[in-house]
Amino acid sequence: PSSSKACRTTTTTMAPGVSTAVASSFAAGAAVGAVVAPRLYRALLKYWDAGTVQARAPPVVTAQSTIRTVNDGELWAARHGAAADPDAAPFVAFYSSIAHAVTTRAELMTLPVHDHAVVRGHAVFDTCSLSQNRLYRLRIHLDRFFASARAARLPLPFAGDEAANRVAMTAAIRAACKASGRADADVRFWLTAGPGNLGVTPDGCRAAFYVLVTGNMALPAAWALSGISEASIPSDVVPFKPPLLAELKSNNYMLNALTVMAANDRGGTFGIGVDAETGLLTESSVLNVMIVGADGVLRTPPFERILRGTTARKTLELARRHLLAGGGGHTSDDLKEEEQHQQAPPPPTALLKGVEQTPVSLEQAYAATELILVGGDTHCLACTSLDGKPIGDGTRGPVGRALEALLEADAADGDDDHEPL
């Protein structure tokens with residue numbers, strides 16, 4: 001559409017084409033192919049604010065069908081469009097270093113089909129939050145982002161060294177957030193080997209940086225009120241990632257997707273990985289796992305062969321500062337850097353007797369008074385049952401509620417991890 005009104009209408013519409021090109025490869029964090037990716041996207045929508053996006057039914061194609069050739073860019077974009085409620089559409093702004101521009105038209109939020117994020121899954125990503133017109137925890141997310149990029153041997157997309165690229169990426173993220181018109185949003189960004197060919201290595205490709213600003217990604221209200229049912233997924237059902245892929249934030253989330261699907265099959269939501277040989281917990285598909293034991297100690301597995309979760313680190317630090325009598329406790333060395341950036345805490349509420357990062361067994365999870373999943377900067381989910389067995393009294397516990405409030409307050413009102421647009 002060429003009229004300004006029509007363009008405004010399509011600004012925040014969720015397009016079926018985007019659901020494959022962007023949502024499947026990007027929102028799900030995986031370039032897993034044309035067969036699995038749409039299924040994964042629909043599965044995630046089922047649990048992630050399902051019903052806010054109306055996807056068009058798949059086309060019926062027979063041997064007698066005529067498939068048009070379309071070479072007009074506007075017509076192609078229009079055929080990717082959909083008549084969804086603009087307020088319900090999740091994709092509000094998109095930056096591409098290939099175009100070096102931001103678009104707010106969802107049907108234009110695409111990437112080249114020969115980008116190696118699609119061709120080989122050679123990409124990394126991370127996500128920060130926009131909270132009241134301030135970027136929350138961008139620094140710590142970029143730290144992990146560059147560590148992932150180095151591990152993945154990805155070239156940098158902008159001129160200059162890593163410091164110069166950090167400045168350029170921050171500028172692109174700010175530009176996309178400003179264009180979105182949102183005060184609060186999720187901000188996901190990717191570094192890919194880029195478009196160029198169908199080869200295996202980045203040779204001949206141009207590294208690319210993409211930013212997607214999304215709205216309406218809040219967890220379902222019922223989860224916050226009542227918690228979720230969860231299922232353990234042994235490593236002989238869904239195998240672990242090798243350490244390299246487990247410890248960097250790779251765009252390949254195939255095993256994460258299979259963990260969610262296996263959990264759904266067993267009555268769970270995201271799934272919690274368990275080493276079939278040792279019985280030790282690892283992580284959830286897209287969240288870190290924590291338990292509160294009967295001894296009043298908050299425990300989470302060490303960051304070994306799992307992602308070094310930024311929200312998990314923040315949660316441990318907030319728990320130690322606010323929920324322990326005297327404001328002390330056991331934390332990992334991973335927290336020391338972040339603690340240097342924190343304000344003095346208010347007087348603590350003594351809900352915990354300790355905070356530890358230590359191996360956690362499945363049996364300990366069954367016996368816990370609370371089982372909590374954390375991620376996405378502010379998400380703190382209570383698991384009220386595991387494998388059909390109630391956790392504690394089967395309701396959300398006081399520690400989980402307190403941690404959720406602390407995370408949300410830090411995002412909304414804190415000053416140390418925030419950058420103005």
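Predicted model: local features only at pLDDT ≥ 70, side-chain atom pairs only at ≥ 80, totals over all residues.

**The sheets and their surroundings**

Author: Strands pair when DSSP finds at least two bridges between them; strands (E, at least two residues) and helices (H or I, at least four) are themselves DSSP runs, numbered from the N terminus.

Residues are numbered from 1 along each chain as its sequence is written, and side-chain values use heavy atoms, with hydrogens and water left out.

A second open sheet has seven strands in the order β2-β1-β6-β5-β3-β4-β17, with antiparallel pairing. At its edges stand β2 (101-103) and β17 (418-420); each has a single partner strand, so one side of each lacks a neighbour in the sheet. Its neighbouring strands are turned by 25° against each other on average, again with direction ignored. Three bridges join β4 (residues 134-136) to β17 in an antiparallel arrangement, and H418 in β17 is the bridge partner of Y136.

Helix α6 touches β3, β4, β5, β6 and β17, and its direction makes about 175° with that of β3. Such angles run from 0 to 180 degrees between N-to-C directions, with axes fitted as lines to C-alpha atoms, for helices over the stretch in contact. Helix α14 touches β3, β4 and β17, and its direction makes about 145° with that of β4.

Helix α14 (residues 398-413) has 16 residues and reaches 22 Å from its first C-alpha to its last, close to the 22 Å expected at 1.5 Å a residue; the expected span is 1.5 Å times one less than the number of residues. Its buried residues (under 20% relative accessible area; exposed is over 50%, partly exposed in between, with a 1.4 Å probe and protein chains only) include V399, L403, L406, L407 and D410. An α-helix has 3.6 residues a turn, so residues three or four places apart point the same way.

Helix α14 also packs with α11 (residues 310-322), at an angle of about 110° and with the axes 10 Å apart. That makes α11 roughly perpendicular to α14, a label for angles of 65 to 115 degrees, where under 35 is roughly parallel, over 145 roughly antiparallel and the rest oblique. In contact (heavy atoms within 4.5 Å) are T311, K314, T315, L318, A319 and H322 of α11 with L403, L406, L407 and D410 of α14.

Several of these elements also supply the largest nonpolar core, a set of 29 residues. Such a core joins buried Ala, Val, Leu, Ile, Met, Phe, Trp, Tyr and Cys residues through side-chain atoms within 4.5 Å. I173, V187, F189 and F209 have the most contacts inside it. At least two residues each come from β1 (91-96), β3 (123-131), α6 (138-151), α7 (162-180), β5 (185-192) and β6 (208-214).

In the loop between α6 and α7 lies R153, whose phi is near 55°, a positive value in a residue other than glycine. At 74% relative accessibility, R153 counts as exposed.

Strand β11 (residues 288-292) provides a further example of pairing, and five of its five residues are buried. In a regular strand the side chains alternate between the two faces of the sheet. Accordingly, N288, M290 and V292 point one way and V289 and I291 the other. Strand β11 pairs in the antiparallel sense with β14 (residues 370-375) over five bridges, M290 standing opposite I372. Strand β11 also pairs with β12 (residues 297-300) over two bridges, likewise in the antiparallel sense, and V292 has L298 as its bridge partner there. Four residues separate β11 and β12 in this hairpin, and G296 in the turn has a positive phi of about 80°.
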